[in-house]
Amino acid sequence: MLSRLTRAYTNLVFGRPLLVIVILLAIAAAFAYQTRYFRLDASADSLLLEGDKDLEYSRLINNRFGVRDSVIVAYTPLSGELFSRPVLNDLVALRDDLMQVERVQSIDSILNVPVFLDTPLTGISEDYLTVMDPELDLAQAREEITNSPVFRNAVVSPDGETAGLLVSFAPDERLRTLLDQRTDLRNKEAAGTLTEEEGFELRQVEADYAAYTVETGRRQTETIATIRGILDQHRDKAQIYLGGAPMIADDLVTFVRGDLSSFSFGVLAFIIIALGLIFRRVRWVALPLACCAVAGVIMVGFLGFMDWRVTVVSSNFISLLLIITISLTVHLTVRYRELRATRHFSNHDKLLRHSVLSMFMPCLYTALTTAVAFGSLIVSGISPIISFGWMMVMGVLVALTVVFLLFPAVMSLLSVDQSKVSASLQMNLTAALAAITDKMKNGMLYVYAAIALLSVIGLTRLEVENSFIDYFREKTEIYQGMTLFDEKLGGTLSFDLIVDLPTEEAADDGFDDGFDDGFDDGFDDGFDSDFGGASSGDAYWFTAPKMNLIEDIHSYLDADPQTGKVLSFGAVIQLAEKLNGNEPIDGVMWALLYSRIPEALKVSVLNPFVSIEENELRFNVRVPESDPNLRRNELLRRLESGVEQQFGFTDQQVRVTGILVLYNNVLQSLYDSQILTLGVVMFVIMLMFLTLFRSMKIAILCIIPNAIAAAFVLGVMGWLGLPLDIMTITIASISVGIGVDNTIHYMHRFKREFPRFGNYRETMYFCHNSIGRAMYFTSMTIVAGFSILALSNFIPTIVFGLLTSLAMIVALTGALTLLPQLLIAFQPLGKEER
């Protein structure tokens with residue numbers, strides 16, 4: 001069977017090379033047409049854990065409390081006081097311009113918040129003053145608003161110099177409907193109750209949802225761009241920054257797209273220079289680039305055809321595909337030149353066939369093991385990580401296929417390379433590594449044992465953390481904006497703490513008697529008009545003990561040193577007590593206030609934080625991203641358990657949710673499924689070593705350098721304080737995938753050459769100066785190309801470039817030092833003949 005496949009392959013590639021090239025170009029052209037559907041996706045959903053119960057709960061809470069997508073504008077006047085008529089008029093102009101944006105539904109700012117001055121608590125009504133009333137003393141308004149527990153750090157900075165405009169977008173009802181339908185049908189599918197008809201409906205809904213999210217993503221990008229354009233028109237009068245989760249998501253994709261377009265050519269240029277310096281012939285530069293181009297077009301077109309969207313997590317897949325493709329072509333190139341140098345009397349066709357066929361098996365196994373390493377990402381349960389895993393598995397197979405079809409086909413049509421190739425295979429660096437290994441003998445094992453120990457210690461220092469502000473250089477606008485939001489407006493991103501209150505029937509009954517006697521007349525009408533038909537019974541919910549509890553929880557959350565602004569009904573309670581002369585407020589007064597709370601407060605601080613029907617509270621907690629000591633997972637767990645213990649709630653009554661929680665769940669899940677199961681991946685790769693080399697001893701020895709390489713890269717991150725986040729957590733799989741290639745190529749050549757030499761050290765010297773050259777050329781070409789990524793403004797791109805280069809160097813060094821010494825020390829191929 002194998003011989004027939006080999007014969008068919010050689011007859012096709014070497015017998016009809018032009019046909020092979022035409023077919024490949026036709027396939028590439030077909031996929032090139034599909035590249036127009038290739039998309040980058042930086043929506044919040046693209047970074048969430050699909051199927052996560054917290055995700056479904058978060059959507060439920062958002063619907064229940066009417067939480068909308070929003071961005072925040074920070075406005076600091078360049079001249080004049082914020083609370084002055086000229087500056088306020090400029091702010092009005094900015095607000096009016098923003099209100100013209102299609103999706104903007106409302107804007108909350110100092111322009112529309114109530115100013116009570118000396119108004120008594122019982123005098124609160126809808127007819128309240130704002131800073132836009134000409135008779136209002138702006139100095140008094142500034143004093144009240146900047147000290148208001150509701151508005152301080154929300155719409156104005158404590159120093160009164162920066163205003164915050166909360167720009168809320170209209171909810172997308174079609175998106176919500178499609179999402180609800182998809183969730184219901186998927187839940188039925190998971191429960192095994194999905195009918196055949198509902199199965200068809202599910203597939204249709206998923207297709208509609210996927211198509212509609214493309215439209216919503218485009219619309220969000222246009223909306224953010226429109227808002228930025230409006231802000232630019234007002235920058236001559238104020239320092240203005242834009243913040244919020246939609247803006248961060250849009251900036252992430254902007255930076256990724258910019259790096260893809262800017263640095264792709266830079267990486268390509270460096271790789272061309274490196275290949276030119278190494279091989280000094282046009283064909284040996286053009287061939288690898290041609291293979292990369294064909295493989296890249298096919299993969300990008302395939303992603304467009306399958307609607308696999310590239311996220312910030314998988315944005316580096318093109319770079320990794322480049323690594324794999326160049327590695328394969330360089331190995332074929334070096335093998336062919338090596339045979340040309342040592343077999344002068346063989347013709348071109350024979351040398352080419354021997355080069356390709358002799359390298360196929362090691363290249364096949366390197367591709368398969370690399371696919372296994374990346375395939376480990378598929379079980380993460382996280383949509384973008386799963387897609388990234390599938391992308392790389394497909395990319396590896398495409399690269400292998402393209403290289404072993406295009407390289408020999410093109411070489412068959414080219415004339416014989418007449419350049420002189422030295423018969424001496426010795427190369428200074430690889431020969432030096434062989435000499436060092438020979439001289440150190442078993443001392444090399446002790447060196448790597450120390451490296452492994454330090455790596456393990458570094459691993460214990462490794463932290464799992466996701467800080468968006470650390471993705472950007474300090475000079476960038478987004479970094480400066482997020483810092484300002486943290487310092488003056490209470491933080492950028494947030495999470496929700498939801499509290500299910502216990503029922504208080506007895507308290508309600510007692511309160512009912514007193515309330516009906518004195519305030520029955522006319523209350524129903526007020527409640528009906530204010531709350532869209534809600535009955536007067538809603539007023540009974542506002543009991544004094546309950547209000548005290550809400551205020552205490554608010555104060556507890558606000559007192560934590562790592563929380564920013566806390567938004568909840570507790571702030572309204574604090575404001576009410578302040579207006580009441582700091583005197584306690586009884587249940588009767590709270591019921592009266594319920595009907596008299598101004599609409600501005602109802603919409604912004606009551607309705608989004610109190611669900612009377614569900615007897616539930618929502619506390620929105622902003623988190624300062626720029627706090628270097630912030631540990632999000634620890635903060636979330638501490639506050640959740642703290643509220644439970646402090647106020648006597650059960651675990652089921654208190655729950656955290658929101659975008660910060662969902663991102664944290666993704667990171668923790670990925671850490672559990674990837675880092676902690678890295679040993680399983682190593683075991684699977686060892687089984688592949690066992691299949692290839694048919695020796696348990698060799699398989700164990702081969703896995704050791706790869707394990708140390710992966711641990712070393714992660715250990716360096718630990719020692720340098722680089723956290724594992726949503727962007728860098730795949731580096732373990734990348735390190736293993738890269739390291740395995742070198743190990744297989746070296747071991748395969750060593751095993752084949754050992755019978756000829758009969759001596760481990762002599763075989764080592766020969767392999768270092770033959771296959772070691774290809775390994776060196778491949779590694780240095782990639783390191784040269786990826787070094788340019790250090791110039792990016794996007795920190796994950798910089799970290800990826802540097803860590804990938806480090807992984808290449810570590811994998812190369814381990815394969816050329818530790819692996820040969822392990823072979824010499826343990827002699828898995830048998831005893832030496834001489």
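What percentage of the 834 residues of the protein count as buried? In this predicted model, the share is 56%. The accessible surface comes to about 34,500 Å². Carbon and sulfur atoms make up 57% of that surface.

The protein contains 29 helices and nine strands. Its C-alpha trace spans about 110 × 60 × 50 Å along the principal axes. Charge was considered next. The protein carries 65 positive and 94 negative charges.

At the local level, the analysis turned to Asp172. This residue sits in a loop. The loop runs between strand β3, residues 163-169, and helix α6, residues 173-191. Two polar pairings involve the Asp172 side chain. One is with the backbone: a polar atom of this side chain lies 3.1 Å from the backbone nitrogen of Leu175. The other is with a side chain: Asp172 and Tyr212 are joined by a polar contact of 2.9 Å.

Which residues does Asp172 contact once its neighbours within four places in sequence are left aside? They are Tyr212, Thr216 and Arg219.

Methods
Residues numbered from 1 in each chain as written. Predicted model: local features only at pLDDT ≥ 70, side-chain atom pairs only at ≥ 80, totals over all residues. Heavy atoms only, no water. Helix = DSSP H or I, 4+ residues; strand = E, 2+ residues; numbered from the N terminus. Polar contact = N/O pair within 3.5 Å; in protein donor to acceptor, adjacent residues only side chain to side chain. Contact = heavy atoms within 4.5 Å. Buried < 20%, exposed > 50% of the residue type's maximum accessible area, 1.4 Å probe, protein only. Areas by Shrake-Rupley, 256 points an atom, 1.4 Å probe, with all protein chains shown as cover. Lys, Arg positive; Asp, Glu negative; His and termini not counted. Charge placed at Lys NZ, Arg CZ, Asp CG, Glu CD.
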